[in-house]
Protein chains: 2
Amino acid sequence: MERLRVYLAGPDVFAADALAIGRRKKELCAIYGFEGLFPLDNDVPPAEAGRDRKIYRACVSMLQLADFGIFNLTPFRGPSADVGTVFELAMMIALGKPAFAYTNASADLLERVGRLEPIAFDAASESWRDAAQQLVEDFGNADNLMIDAALVEQGHPIVRRNAPSADLSGFEECLRRAAASLRGEPG
Amino acid sequence: MERLRVYLAGPDVFAADALAIGRRKKELCAIYGFEGLFPLDNDVPPAEAGRDRKIYRACVSMLQLADFGIFNLTPFRGPSADVGTVFELAMMIALGKPAFAYTNASADLLERVGRLEPIAFDAASESWRDAAQQLVEDFGNADNLMIDAALVEQGHPIVRRNAPSADLSGFEECLRRAAASLRGEPG
């Protein structure tokens, strides 16, 4: 039987040891009977003109080829997930394919914003506000509601663990859930 | 003739004067012959259980109803755009509908990351790295390549202007481009 293909999205592609993370994730995928597709496997030579557009097209092709995706939503340069990863998550959901996600920062968005800047509860609007008086969502979610709710609607809430950014136990939990959900194996 | 409907996405929904921004944007849409759909027009009572999922579903329905979208990609709580807006942008692109976008911070991603934390050029990998040794893209783009390239592929590069966050001249430029592109009017 052909193995299901899983798109491996995350800011992992920006890490100093990106290729090693990709290899490790693909090894774990194989253990769970899946074939991992890692964005850096797309060979786009560094000096090529229009390289960003070629990488974009290659990633979209990989998303279309994949049967499902696992998304690393660990906060990246701020309180929220990497925007490139979020873009790919939304695209996969719009394609009607299953998406699983994890974050290695278990605290909810409100708490994480509050660690980065002063926040205060505004009685008039009954909402939390950041230093620029912008509303901070307070749904207990890991991130913006579009992200959390999209995954809940699919029946796969974000796996939230407090772990070092390179830790892959949340990733493995996504693999277990994918095996249970897509192949009916015990979760 | 029925007016084309435009989904108005952006972190505007979090602003202290969110409703006023929405009204102003819809007025501008009308001037250009479009009907603006603002997410906060979805009536989801504050205390309702599962409110985040209801807002998510309402936004997705609005995206599906819209003929095209205009996305405010001005950086939000960090060097990148609001993740909720990026999620909606990707969904609209996956739906095959035209997307126009603007940002009121004209500097490219590399420069903006460098304002927030120390960055350095790494000779070995021939790439810029942030304080955590993570790669910082250097394509001259406004944001992550998935965002910029998706819009370039559609023929509508991000409108980049240096302006106060509430300034709507970039938004109006998107309306002009939409009128030119969707109705063949002079740009």
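A salt bridge joins the side chains of B:D130 and A:R77, with an N to O distance of 3.0 Å; the term denotes a side-chain nitrogen of Lys or Arg within 4 Å of a carboxyl oxygen of Asp or Glu. The structure is a predicted model, in which local features need pLDDT of at least 70 and side-chain atom pairs count only at pLDDT 80 or more, whereas totals for chains, interfaces and linings use all residues. Residues are numbered from 1 along each chain as its sequence is written, chains are lettered from A and ligands numbered from 1 in the order in which they are written, and side-chain values use heavy atoms, with hydrogens and water left out.

The pairing of B:D130 with A:R77 belongs to the interface of chain A and chain B, across which six salt bridges are found. The elements of chain A that each supply at least two residues of the side touching chain B are α2 (51-65), α3 (83-94), β7 (135-136) and α5 (145-153). Helices (H or I, at least four residues) and strands (E, at least two) are DSSP runs, numbered from the N terminus. The largest share of this side of chain A, 10 residues, is provided by α3(A). Classified by residue type, the side of chain A that touches chain B comprises 28 nonpolar, seven polar and 13 charged residues. In this classification Ala, Val, Leu, Ile, Met, Phe, Trp, Tyr, Cys and Pro count as nonpolar, Asp, Glu, Lys and Arg as charged, and the others, Gly among them, as polar.

In total, 48 residues of chain A are in contact with 48 residues of chain B, contact meaning heavy atoms within 4.5 Å. The two chains bury about 4000 Å² between them, 69% of it on carbon and sulfur atoms; buried area is the accessible area (1.4 Å probe) that two parts lose on being put together, summed over both.

Two copies of a chain are related by a rotation about an axis and a shift along it.

Within helix α3 of chain A lies A:E88, which is buried at 6% relative accessibility. Buried means under 20% relative accessible area, exposed over 50%, and partly exposed in between (1.4 Å probe, protein chains only). Leaving aside residues up to four places away in sequence, A:E88 touches A:Y7, A:A9, A:C59, A:L63, A:F71 and B:M146. The C-alpha atoms of A:E88 and A:E117, 29 residues apart along the chain, are 28 Å from each other.

Over all chains, the whole structure holds 22 salt bridges. In chain B, the side chains of B:D12 and B:K25 form a salt bridge at 2.5 Å, N to O. This pair links distant parts of the chain, with B:D12 in the loop between β1 (4-9) and α1 (18-31) and B:K25 in helix α1, 13 residues apart. Both B:D12 and B:K25 are buried. A salt bridge also connects B:K26 and B:D41 (2.7 Å, N to O). Because B:K26 lies in helix α1 of chain B and B:D41 in the loop between β2 (34-37) and α2 (51-65), the pair ties together parts that are 15 residues apart in sequence. Both residues are partly exposed, B:K26 with a relative accessible area of 27% and B:D41 with one of 42%.

In chain A, the side chains of A:E173 and A:R176 meet in a salt bridge at 3.1 Å, N to O. These residues are three apart in helix α6 (residues 169-183) and are therefore separated by about one helical turn. A:E173 is buried, with a relative accessible area of 16%, whereas A:R176 is partly exposed at 31%.
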